[in-house]
Structures are given as C-alpha cells and as structure tokens.
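Open the model in your viewer and get ready to select residues.

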Amino acid sequence: MRARCWIVILALAAGASACTQAPVPANVFTPAHANTASAVRDFFLIRPIGEQPIPFPHKTHVEKAMLKCTETCHEAVTKGPNAGIPSVKTCMICHDSIATDRPLIMKITNDYYKKGVDLPWQRVYGFTPEVHVRFNHAPHIRSNVDCATCHGPIAQQTVAERTVDHTMGFCVDCHKARKASNDCLTCHF
Amino acid sequence: MDRRSFIKLTAVTGGATAIAACSTSSPENQLIRFVPDEDLTPGIAELKNGVCPICRAGCGTTVRVMQGDAEVVRNGQAGVMTMSLAKKLEGNATHPVSQGALCPRGQASIQVTYHPDRLVEPLKRRGARGSGDYQPITWDAAIAELVSRLDTVAASGAQGLAALTRPGASSRNDLMALFLDRFGGQAPIAYELFSDDVLRRANLQSFGHEQVPTYDFANAHMVISFGADFLGAWNSPVSQMVGYAKMRGGRPGIRGALVQVEPRMSLTGASADEWVAIRPGTEGILALGLANALGAKNLGQYTPAEVEKQTGVKAARVERLAHMLAERKPAVAVIAGAPLAHTNGLFQAMAVNTLNAALGAVDAPGGLSFTPQAQAKSGASRSLRALADDILSGKGAPVQALLIDGVNPVHTTPPGWRVKDALARVPYIVSFGNFADDTSVMADLILPDHSFLESWTDARPESGTLMPIVTVAGPAMKPLHNTRATTDVLLDVAKKLKKPLPGLPDSFSAMLQASVGGDEAWATATKQGWVDVKGSGLKGSGLKGSTSPQPSALSPSFDGDPTQFPFHFLPFQSQAFLDGSTAHLPWLQEMPDPISTAMWSTWAEINPQTASRLGITDGDMIEIASAHGTIHAPALVSPGIAPDVIAMPTGQGHETFTRYASGRGSNPVKVLAPSVEPETGALAWASTRVKIARVGEPKGELIRYGTALREFEPHR
C-alpha cells in the first residue's frame with residue numbers, strides 16, 4: 001500500500017506538466033503508459049467513454065429484428081477469444097433494403113459503405129494490456145454464460161454502455177459459483 | 001483524517017484534475033478505417049505454408065496468420081484496414097529440408113513485407129540515373145510504357161533484351177527464361193557473389209552431376225571441412241545443422257568428430273574439435289596428402305613432408321588427421337567458400353572429391369550423394385562480367401533493355417567488372433525489386449513486386465534432402481500496397497505486345513501446378529507446402545567419371561605483389577546479410593555476429609601478433625588497400641585468424657538500400673581484384689592481396705553486443 005501511495009504522489013507531481021502537451025519520449029523507457037496522466041487514469045480504472053459513430057440501437061435489433069447476438073453480428077464469439085465487431089458490410093446485408101429512408105441508415109450507406117470506409121466503432125469493454133488478462137469468449141459461450149452476465153442489459157440499451165465492472169473479484173465469484181478453474185494461469189498467461 | 005487517507009484524497013482530486021486537463025481521444029477516431037476485404041475471425045491464428053525467399057536452400061516455412069490492423073493506401077487515401085496479416089515465420093515441420101527449423105535470416109524475412117521503405121507503387125525515373133528521383137505512376141501507364149519499349153526492341157530484330165535474375169531453381173526463374181526465349185532475348189543471367197559454380201563443375205567432372213551434393217552428416221563419424229561454413233550460411237544451413245546435431249549428439253555413445261581447415265575461424269570452425277589454419281589456396285594439397293596417406297593411387301608425390309612444405313600444416317598433423325579419418329568411418333570431406341574462390345578453385349574441389357573417393361564416402365551412408373533433379377539447364381548464358389564487357393566495348397548484340405529481378409550486382413561485383421558503368425550505358429532498365437538498392441536506382445522504371453508472403457512462390461532445392469522436391473506456397477495474406485506480382489506482370493506484358501508471345505502459361509499458379517505434376521501432386525503440394533516429384537524425368541544419382549584431378553591451375557595465383565601487399569584478403573559471407581541482400585532487415589542488423597559479437601557494422605579481423613606489430617588496437621580504424629580499391633574499417637583483433645590474413649564480412653557498405661543499410665559500414669567487394677577461376681569464370685574473391693595501415697582512433701564504428709550503441713551515447 002505504501003508503495004502505491006508513493007507512486008500516486010510522484011505521479012501527481014509530474015502529472016500537471018505532462019498532460020498539457022503531447023507525450024515526449026522520456027529517457028527512462030517504460031512500456032506501460034504514454035504519460036503520467038494515462039498512468040493515473042489507469043490506476044483509478046478511469047477510461048474514456050468512446051463516442052460511437054452512430055447511436056446504434058441494440059434494443060431494436062434484438063427485440064424488433066429478432067437478431068441473435070452471437071449469430072449475426074458478433075459471430076466470432078463462439079469461435080475464439082474476441083467477439084468481433086461487424087464491418088459495415090454486415091449492416092448492408094439487411095439495410096440494403098430495410099429502412100433505407102432513415103437518416104442514419106442513409107449516413108452509413110453514403111458516408112461509409114459507398115466510400116469503402118468502415119464505421120469507427122469504439123471499444124466499450126475490454127482489458128488494457130497492462131493488466132495481463134487474457135479473456136476468451138468461446139468457452140464462456142459453450143458453458144452457456146448469458147451475454148447479460150458480463151455485458152448487463154445490453155439488449156435493452158441503445159448505444160452500448162459499460163454497466164458491469166470487470167474486476168478480478170467479479171470473474172472469480174462467477175468461476176467459484178460455476179466451479180470453473182480459479183488457477184492463476186486460467187486468465188493470466 | 002489520518003495521513004494515508006489524506007494522501008489518497010489528494011491523489012483522487014489531483015488525478016481528476018489531471019484527467020480533465022487532457023482530453024483523450026482514441027487514435028481509431030483520427031484514422032480512416034477501410035472496409036475489410038475478407039471475413040475474419042479475430043484472435044484465432046491460422047497456420048499457412050510458405051517458402052523462404054532468402055537463399056536458394058528452398059526451406060519450407062509455416063506462416064502464422066492472424067487478424068490485425070495494417071496501414072494501407074486505397075485509392076490514394078491512407079488509412080487502416082483490418083486484414084489477415086502474417087505475424088511469425090517458423091520452419092515447416094513436415095518439410096524434408098527445414099525439418100521444422102528455420103535460420104535467423106529466414107525468421108527475419110517477415111520484415112521484408114512490413115519494411116517502412118518498401119516500394120509501394122510503380123515508379124518512373126524523373127531525375128538523373130542513380131539520383132533516386134522517381135515519380136509515382138499508375139500500373140496501367142507503367143505496363144503501357146514497358147510494352148511500347150519492348151515493342152521497339154522487338155522491332156529492331158536483334159537480341160536486345162537481357163535479364164538479371166535471382167539464383168536458384170524456381171518457376172519464377174523458369175518463367176523469366178521462357179519470356180526471354182519467346183521474345184528472342186538473351187538467356188537470363190543469375191550472378192551470385194558466393195556462387196558454388198566451381199564446386200558444381202568439379203562434381204560434373206568427377207561424378208557426372210553438375211550440382212552441390214547433399215551430405216549425410218547425421219550418419220558420419222567424422223567430417224573434415226575445407227573452408228565450408230556449413231553451420232553458418234553456406235548452401236542449405238538448416239538441414240546441415242540438423243544433420244550436424246544428430247552427428248554430435250544424436251547417437252548414444254558416438255560423437256562424430258569435426259575438423260575445420262581454414263585460415264579464418266568461421267562459425268563452423270568455432271564448433272569444430274580441431275581448427276587447422278592452413279595457407280590460403282593450398283587446401284587441395286592437404287586433401288590430396290590425406291588421400292595419399294589413405295592409400296589413393298597416383299598421388300605418391302603428396303607425402304606429408306611435401307604437404308607441410310606447401311600448406312604450412314605440420315607433417316605429423318597430416319599423418320594424425322589421416323589416421324583419424326581411417327579410424328572413424330564413415331567420414332566425409334566438404335569443401336566450399338574461400339578454397340573454391342581462388343584461381344585454382346577447380347583443382348581444390350576435385351582434390352576433395354579425390355579424398356572423398358579414397359574415404360569411400362561417395363554415394364554412401366555418412367557420405368555425400370546427389371539429389372535427383374531435372375537437368376533442365378536453360379542454355380549456356382553469358383556471365384555477368386561478359387555482359388558488362390560487351391556493353392562497354394559494344395561487342396555482340398547490343399542490350400537495348402534490361403530486366404532486373406530483385407538482385408543487386410552493383411553491390412556484389414568487384415570494381416574491375418565495371419557493372420555500374422555498363423548499366424549506365426543500357427538505354428532502358430526495368431527493376432522488379434521490393435526495395436531501392438544500389439542497382440535498382442539505375443532503373444528507368446520500377447515495377448515493385450508483391451512480397452513473398454503476398455504471392456505464389458516456389459523453390460526446387462538443389463541440396464539438403466535426397467528427395468527431389470518442389471517447395472510451393474500460395475499467398476499467406478493480401479497485398480498491403482499497390483504492388484503486383486512480377487510473374488503476373490510478365491504474363492500481362494507478353495499478351496499486350498504487338499506480337500504476343502506464344503506458349504506462355506495462362507497464369508503463374510497454373511505454371512506451378514504443371515511443374516509439380518498432376519492434380520494429386522498439386523493437392524499434396526498445397527496441403528503440406530512441398531511435394532515429392534520423383535519419377536518425372538529426373539536423373540538418378542548414379543555416378544560416373546573419374547575423380548583424378550586434372551584441371552590446369554594447381555597452385556593459386558594472387559593479385560598484388562607480396563612485398564607491396566603483404567596480406568591475403570578474405571571476405572567472408574556474413575551470418576546476417578549473406579552477400580548483402582538482407583542488410584535492409586533491422587532484426588539482422590541487430591543480430592550479433594556469432595564470432596565477433598559485432599552488429600550494425602563491419603569490421604576487419606586481424607591477428608593479435610600482426611596487430612601489435614603494426615600498432616593497431618581493437619576498434620582502431622584501418623585502411624585496407626589493394627591494387628583495385630581502398631576501404632576503411634574498424635580493426636577487430638581476433639586470435640582466430642592466421643597472421644598473414646585480413647578478413648572482412650560482406651553485406652554492409654550499401655550506397656542505397658533503405659534507411660537501415662544505406663551508408664553503413666564498408667563493402668569488402670570494392671577492393672577485390674577481378675580475377676576469376678579460369679574454367680568456370682566464377683569470381684575468385686579470395687585471391688586478392690592487400691596492405692593495411694592504421695588511420696585513426698576508434699570512432700564508434702565497431703558496435704559490439706553489450707556495449708553502448710553509438711546512436712544512444714549522449715555526447716555524440
């Protein structure tokens with residue numbers, strides 16, 4: 001604990017000056033953070049909330065269009081570690097003919113798809129490299145963990161929001177309850 | 001409030017201020033992301049087959065391909081695209097040559113694809129030749145220009161088209177040869193600095209096979225190697241290292257012996273039980289002396305005493321080595337490298353063939369054999385030196401256009417050949433390489449090729465396995481840049497000429513398919529990355545001919561008067577850069593040389609006695625001068641070199657070769673005499689004599705592993 005406090009103090013001392021300008025390569029090599037401010041943010045688990053290119057309505061797609069999360073858009077989730085975010089090509093499978101008169105659909109058709117440019121979706125959940133956790137979706141899907149367990153009521157949301165904090169305690173509790181391995185190397189490898 | 005809580009509170013408020021002050025926008029927002037071309041499963045690696053492009057060993061590789069973000073340019077706009085990217089190369093475990101292993105040069109070859117200085121689009125020369133001033137043009141314009149130029153050459157009727165191709169047997173080279181043949185051009189020229197042509201010619205005369213043998217080190221009990229750095233970079237290093245490992249440690253109770261005969265200790269010499277520092281150019285005499293001691297006929301004059309007189313190896317040692325060879329059978333002798341690069345190279349190679357015959361090592365377990373291969377030598381082509389001579393003197397058919405396929409002879413030929421001057425006289429030069437190098441800056445048109453990971457590639461190993469195989473692989477990833485496969489460009493141009501060239505394949509992959517045989521063989525080839533092509537008109541390994549040495553030159557002649565130029569100059573093949581063709585890869589620049597630990601630099605190895613006599617200490621700059629040129633290099637005082645020899649690695653000293661190699665180190669080829677082995681015309685690169693002089697203090701040119709890098713020392 002004491003070590004942590006000292007880190008915080010040192011971080012604060014340098015923080016104000018470091019954040020006002022672009023990160024300057026320091027003489028001391030550190031792989032973890034570009035500058036002190038980013039180290040401080042990371043220490044307190046504060047992450048930017050990305051601004052999505054369009055307010056994608058998850059609720060409409062799940063409830064009205066009856067799409068299954070893991071079958072249409074995040075289909076890699078059953079195969080490997082990452083769920084995957086669909087490219088604009090996937091949108092156009094349906095929106096080539098459905099709701100083509102809506103302004104946002106016209107926006108993704110004209111501003112993105114026709115120009116061959118993909119939607120710059122921003123990551124909502126995920127681990128930073130510094131926490132040394134490797135998460136693999138596929139085994140969780142295989143053991144029937146509901147998407148909502150980790151991603152909250154995303155089927156009711158419009159733009160995806162982070163509603164569940166993926167702390168180590170959160171993972172370990174569920175692993176205990178489901179009698180999954182709690183070996184360090186299960187996640188930290 | 002206790003002290004700890006206070007600190008935490010200030011930390012929180014202070015931290016919040018710090019965060020509020022910096023707006024954080026994710027880098028993804030600032031870049032254009034292109035729609036991916038392919039359906040990808042993120043996070044899952046796929047293993048694909050590949051062919052190593054670095055040397056002619058033809059190793060099969062495994063390419064780990066995974067989704068990633070690549071910076072690309074599409075329709076003139078820069079951005080990021082999610083695509084399948086090659087991430088790592090390893091040896092193909094099923095491949096008979098590489099056997100699951102891969103050498104450091106092969107491992108580093110992935111940097112060819114992601115190199116920051118790769119040529120990414122067709123270029124047309126704007127400034128003077130050699131200035132490197134080019135302007136980008138479209139592929140349509142580039143192809144149209146090439147077609148109209150070639151139409152002009154064709155109309156003139158003479159054999160006006162020539163080509164410089166990569167060494168080794170491959171369908172790519174076959175296609176180039178076919179293109180030139182149908183066009184009515186000259187046969188393509190494949191020049192190599194460290195060519196094994198002398199060895200091939202000797203084997204043709206001794207055994208009826210014009211090829212490099214495959215050695216069965218795994219079953220040998222003793223190996224005597226004359227200058228062959230078979231654990232370093234010579235021939236098929238991966239398969240040789242695997243065989244060597246089995247010879248040394250793979251048989252319980254038996255440890256094969258290795259004796260290395262060479263005046264400068266190579267990596268193989270450092271691994272040997274015994275290192276024999278012989279007088280340069282006399283290796284053949286020792287081989288014949290050993291053959292004589294083993295009972296070979298008609299070699300009576302090569303007594304141990306005579307051998308000592310000529311080679312400097314003590315008579316008692318000659319007798320002891322012969323005794324070792326007789327006791328430890330099967331034994332095999334290997335010759336390569338510097339012993340063949342003397343003016344008597346052919347004699348030396350045939351002397352070692354005689355020794356192998358006396359040892360009973362020819363076509364025997366633990367000896368040497370020849371891989372069956374199709375003897376499809378595409379006519380006798382001129383040597384590069386003859387081509388340069390003809391261009392400069394105006395003899396023969398004038399070269400009106402020259403195609404250069406990723407080779408750099410300006411860097412690897414001695415100044416006396418005047419290759420650069422000859423290139424300057426060629427009216428039109430087209431380069432297909434991935435990089436701007438010393439040769440391709442002379443080009444008028446640059447049509448950059450895909451990298452080997454982005455296109456169909458193949459290789460037919462000459463040695464390394466006794467199974468006749470073709471190593472073949474399709475593209476592991478989509479092209480990153482606006483490049484085109486050279487094979488496709490050739491086929492496209494052939495169709496667009498005024499008189500389209502007849503008899504060319506429809507596509508390069510169809511040509512590859514035809515080269516391996518039927519559909520079944522092709523299915524095997526694409527599945528495992530290689531295929532056995534036995535039984536398709538190959539010449540077996542039956543041996544014929546005599547092994548008695550009859551070539552003209554018995555003793556070596558050296559360029560330079562011994563009183564004026566007292567040292568033998570011995571360039572050697574760099575472990576990292578070979579002849580310089582991989583000097584642009586930063587991983588290899590960073591790789592310490594296994595003997596000197598030097599990196600990012602060149603050096604000149606010098607014996608400690610010689611160094612102290614001349615007042616030279618480690619790192620001092622010395623000048624190396626022959627009758628043909630002068631270079632400077634830092635001295636590296638090394639006990640592993642004979643007192644009358646100066647050795648230097650090749651590979652550095654490029655004028656133009658990307659940000660990592662340009663202007664770095666010096667090129668030992670630039671002091672070499674233009675002497676050749678008379679019967680093959682191969683460059684006798686070990687036959688130059690030099691003088692040396694100390695010219696200055698260490699200036700940081702010699703960078704060794706574990707010392708500070710010059711770039712990071714603050715006071716410089």
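Select helix α10 (residues 283-293) and helix α11 (residues 304-311), both in chain B. Their axes are 9 Å apart and meet at an angle of about 170 degrees. Axes are lines fitted to C-alpha atoms, for helices over the stretch in contact, and angles run from 0 to 180 degrees between N-to-C directions. Helices (H or I, at least four residues) and strands (E, at least two) are DSSP runs, numbered from the N terminus. The angle makes α10(B) roughly antiparallel to α11(B) (over 145 degrees).

Now show the contact residues (C-beta atoms, placed from the backbone, within 7 Å). From α10(B) come Ile285(B), Leu286(B), Gly289(B) and Ala293(B). From α11(B) come Pro304(B), Val307(B), Gln310(B) and Thr311(B).

This is a predicted model: local features need pLDDT of at least 70, side-chain atom pairs count only at pLDDT 80 or more, and totals for chains, interfaces and linings use all residues. Residues are numbered from 1 along each chain as its sequence is written, while chains are lettered from A and ligands numbered from 1 in the order in which they are written.

Next, select Phe183(B), in helix α6 (residues 171-183) of chain B. Is Phe183(B) buried or exposed? Phe183(B) is buried, because 21 other C-beta atoms lie within 10 Å (the cut-off for buried is 20 or more). Leaving aside neighbours within four places in sequence, Phe183(B) touches Ala154(B), Leu161(B) and Leu501(B).

Last stop: the open sheet of three strands, ordered β17-β18-β19 in chain B, with antiparallel pairing. Strands pair if DSSP finds at least two bridges between them. Select Ile469(B) and its bridge partner in β19(B), Asp532(B).

Definitions and conventions:
Parallel < 35°, antiparallel > 145°, perpendicular 65-115°, else oblique. Contact = placed C-beta atoms within 7 Å. Buried ≥ 20, exposed ≤ 12 C-beta atoms within 10 Å, placed from the backbone.
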